[in-house]
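I opened my notebook to look up a few things in this structure. Here is the sequence with its model.

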Amino acid sequence: MTDLDDTDRALLRALAADATESAGALGRRFGLSQPAAWRRVRRLEEAGVLAGRRVAVNREALGFGVTVFLGVKLATKGRVSLEDFEQAVTAIPEVQLVQHVLGLFDYRLRVVARDIADFERVLRRRIMTLPGVGQVEANVLLSEERRPGPLG
């Protein structure tokens, strides 16, 4: 675990909000020189605290208006390995997230689709035909509110 001071936490919050902010802008914002801000960000990256920078894509602007969370229980864990299922499910472009979980289901998937009819097509033709799929439960996302994480 890396020791973080208040400035490190402020830098992390700023980068979580906008990962494109430059070291110079971060430095001006938090009273650091550009090189000092850059060194702090670099140290956070090297320590594994910053694990990459991502761009948020507006799925609706791309025509994907439906998000569904699927719980998937494998029917035959003995015959079909978890790796086989994971390899097959990650090849489906509409599946945006694959989480191996503990509980009623073995996996939680986030699936995007253009509309409900498109989701039904993906479910029937791609997901239900995956190796070992047994029970599936779908939850359609109605709204989403992003909240600050543990540093917010």
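**Ground rules.** I am reading a predicted model, where local features need pLDDT of at least 70, side-chain atom pairs count only at pLDDT 80 or more, and totals for chains, interfaces and linings use all residues. Residues are numbered from 1 along each chain as its sequence is written, and side-chain values use heavy atoms, with hydrogens and water left out.

I looked up the strand order first. Four strands make an open sheet, in the order 2-3-1-4, with antiparallel pairing. Helices (H or I, at least four residues) and strands (E, at least two) are DSSP runs, numbered from the N terminus. Two strands pair if DSSP finds at least two bridges between them. Strand 2 and strand 4 (133-140) are the edges, and each pairs on one side only.

Next I checked strand 2 (residues 95-100) and strand 3 (residues 107-113). They pair in the antiparallel sense over five bridges. Gln99 stands opposite Arg108, and Leu97 has Arg110 as its bridge partner. Six residues lie between the two strands of this hairpin, and Gly103 in the turn has a positive phi of about 145 degrees.

**Buried or exposed?** I compared two loop residues. Val55 sits in the loop between helix 3 (34-46) and strand 1 (66-74). Val55 is exposed, because its relative accessibility is 71%. Leu130 lies in the loop between helix 5 (116-127) and strand 4. Leu130 counts as buried, at 9%. The cut-offs: buried is under 20% relative accessible area, exposed is over 50%, and partly exposed is in between (1.4 Å probe, protein chains only). Leu130 touches Phe85, Ala88, Val89 and Ile92, not counting residues up to four places away in sequence; contact means heavy atoms within 4.5 Å.

**Salt bridges.** How many salt bridges does a search of the whole structure find? I noted ten. Each is a side-chain nitrogen of Lys or Arg within 4 Å of a carboxyl oxygen of Asp or Glu. One of them joins Arg40 and Asp5, with the closest N and O atoms 3.0 Å apart. Arg40 is in helix 3 and Asp5 in the segment before helix 1 (6-17), so this pair ties together parts 35 residues apart in sequence. Glu45 and Arg42 also meet in a salt bridge (3.3 Å, N to O). Both lie in helix 3, three residues apart, about one turn of the helix.
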